[in-house]
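Hi,

Here is the structure I promised to pass on.

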Amino acid sequence: MQGSPLRTIVIGTIGSLLMTLGSFGIGWLAPISGFRQDPFIILLRYNDLAVVACIVATAVGAMALTREWLRLSQKISAWDRRARRWVTAAVVAWGIPMLFSFPLFSRDVYSYYAQGRLYDSGLNPYESGVSSVNNFLQYGADQLWSESPPPYGPVFLWIEGIVARAAGTSPDVAFYLFRLVALVGVVLIAIYVPKLAAMHGVNPVRASWLCLANPMFLVHFVISAHNDALMIGLMVMAVYIAARWRNSAGGISAITITTLAVAIKPIALLILPFIGLLWAGKGASWPRKFLFWALTLGICLVELWLMGLANGFGFDWVGALTTTGGVWIWYAPIGALGFLLKIWADSLGLPGGDIQSAIYKAAQMVGVIGLAVLAFVGRDEKIIRRLTIGLTLIVVFNPMIQAWYVVWLIPFFAVTGVRTDWHVDFFFLTTVFFMMWAVSDQLDVFPYLDLDLNMGRLVAAVVALVYGVYLMFVDPSTRRVFRRGHVSGSII
């Protein structure tokens with residue numbers, strides 16, 4: 001050990017506590033939230049100086065947590081059993097305060113709650129938007145998606161219905177329950193990431209640090225409580241079972257678990273070809289591969305059909321897969337390219353919107369084709385790495401790259417290995433960038449304050465950017481991480 005990691009864990013915990021405290025002032029709350037009547041919350045949310053303090057606390061806490069995540073790896077010289085205790089302590093200490101925070105960086109949990117209320121009322125969420133729920137805006141759902149069908153499968157609809165029934169008319173109870181659901185996914189990832197890493201000859205403790213202690217992972221899968229946590233947890237579990245037991249029992253079990261992941265979010269379908277390859281066995285002939293691909297798809301479809309039969313909605317979720325279609329963001333390469341081409345086409349009198357849409361659809365097709373090629377080409381021992389690269393292509397060629405889409409990839413890269421050269425530099429830079437973006441992306445600022453939302457976001461962005469630049473270029477402890485050639489190119 002290069003010094004005790006205890007100080008690092010303590011400072012990271014302080015960062016997590018600052019984020020939790022900040023969330024009480026700028027985290028998402030439904031208009032009818034009971035917390036809005038609490039004197040302490042009133043003090044934080046309806047006073048300009050207090051709101052600024054909460055913004056600064058959130059930004060500083062997030063960036064401090066990022067720094068201590070980097071420092072933790074520097075304090076550990078041997079990734080052994082003792083290091084495992086330090087990494088576990090960090091994950092627990094940093095994660096526990098987040099369990100009590102208000103939702104930050106996303107208010108999707110309120111859409112989950114609204115969809116659950118809709119489902120519990122007997123309506124079909126794939127046909128009726130959450131605007132069909134009486135006073136839906138008062139329950140915190142984003143109006144942007146009020147008429148959109150949920151891009152989720154039948155299992156998550158059931159979960160939404162159960163949570164809505166348990167929470168009753170309290171959106172506060174609902175978001176804490178959804179956080180517990182996300183925590184199930186986090187636990188699954190914590191169990192199977194080390195196992196998959198060991199299977200690939202990657203140090204499982206280092207893989208846990210890369211994934212579980214990663215601030216992006218904690219922020220989006222704990223604080224924001226995205227259902228992606230449960231989806232990815234099931235996917236990692238399925239891949240491990242398929243790779244560990246390459247027989248019919250393992251293959252069918254992995255397919256069933258993958259089907260559950262698909263029934264959370266259908267994007268999980270993308271791992272089915274690789275589950276089929278693992279089931280087919282090492283050295284399988286092409287006829288055998290195609291047979292097992294057909295069996296894999298067939299079993300998954302039958303299980304999804306049974307789920308659709310149980311809830312009465314069949315495959316209605318298929319039509320909801322285009323819910324986020326056409327949305328783009330500036331830092332996504334394809335999103336920026338499509339937007340620039342639209343401006344150029346409009347200036348020439350051409351149909352810029354149509355060209356932009358065509359670019360986005362073509363790019364998404366390239367991602368799907370790339371994943372398909374990886375299912376066909378490559379060595380057997382690289383199947384999970386091929387899956388990882390395939391998922392990366394799907395994300396990179398999407399015009400909208402949400403930060404939690406990037407978090408999908410972290411467990412798979414962690415278990416298949418990250419080279420200790422520019423690969424790990426890129427990994428670190430990506431984490432720093434998305435943490436800076438997260439703290440300035442979505443804030444719940446009371447609209448009648450002198451401090452408006454744009455000014456609040458600017459304050460958060462400046463604080464995060466200054467801290468990020470400090471980490472990369474000034475801090476004597478962390479700036480070394482971003483220097484090319486600081487370590488060899490081995491796999492970690």
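Let me start with a helix pair: Phe274, Leu277 and Leu278 of helix 12 touch Ile383, Arg386 and Leu387 of helix 16. Contact here means heavy atoms within 4.5 Å, and helices are DSSP runs (H or I, at least four residues) numbered from the N terminus. By class, that contact has 5 nonpolar residues, no polar ones and 1 charged. For the classes, Ala, Val, Leu, Ile, Met, Phe, Trp, Tyr, Cys and Pro count as nonpolar, Asp, Glu, Lys and Arg as charged, and the others, Gly among them, as polar.

Before going further, some housekeeping. Please keep in mind that this is a predicted model, where local features need pLDDT of at least 70, side-chain atom pairs count only at pLDDT 80 or more, and totals for chains, interfaces and linings use all residues. Residues are numbered from 1 along each chain as its sequence is written, and side-chain values use heavy atoms, with hydrogens and water left out.

Back to the helices. Two packed helices are described by the angle between their axes and the distance between the axes. The axes are lines fitted to C-alpha atoms, for helices over the stretch in contact, and angles run from 0 to 180 degrees between N-to-C directions. For helix 12 and helix 16 (residues 383-396), the axes come within 10 Å and cross at roughly 175°. That makes helix 12 roughly antiparallel to helix 16 (angles under 35 degrees count as roughly parallel, over 145 as roughly antiparallel, 65 to 115 as roughly perpendicular and the rest as oblique).

Helix 12 (residues 272-280) also packs against helix 13 (residues 286-311), at an angle of about 125° and with the axes 8 Å apart. So helix 12 is oblique to helix 13. On the helix 12 side, the contact is made by Leu272, Pro273, Gly276, Leu277, Trp279 and Ala280. Helix 13 brings Arg288, Lys289, Phe292, Trp293, Leu295, Thr296, Ile299 and Cys300. Sorted by class, this contact has 10 nonpolar, 2 polar and 2 charged residues.

Next, helix 5 (residues 108-120). Its 13 residues reach 18 Å from first C-alpha to last, close to the 18 Å expected at 1.5 Å a residue (the expected span is 1.5 Å times one less than the number of residues). How many of its residues are buried? The count is 10 of 13, so helix 5 is mostly covered, where buried means under 20% relative accessible area, exposed over 50% and partly exposed in between (1.4 Å probe, protein chains only). Among the buried ones are Tyr110, Tyr112, Tyr113 and Tyr119. What covers them includes helix 6 (154-167), helix 7 (171-199) and helix 13. After helix 5 comes Gly122, with a positive phi near 95°.

Phe105, at about 70°, sits in the loop between helix 4 (81-99) and helix 5, and is buried at 3% relative accessibility. Ala225, at about 55°, lies in the loop between helix 9 (215-223) and helix 10, and is buried at 3% as well.

Last, Gly233 in helix 10 (residues 228-244). Gly233 is buried, with a relative accessible area of 0%. Leaving aside neighbours within four places in sequence, Gly233 is in contact with Gly185, Leu188 and Ile189. Gly233 is 51 residues from Ala182 in sequence, and their C-alphas are 9.2 Å apart.

Cheers

Methods: Helix = DSSP H or I, 4+ residues; strand = E, 2+ residues; numbered from the N terminus.
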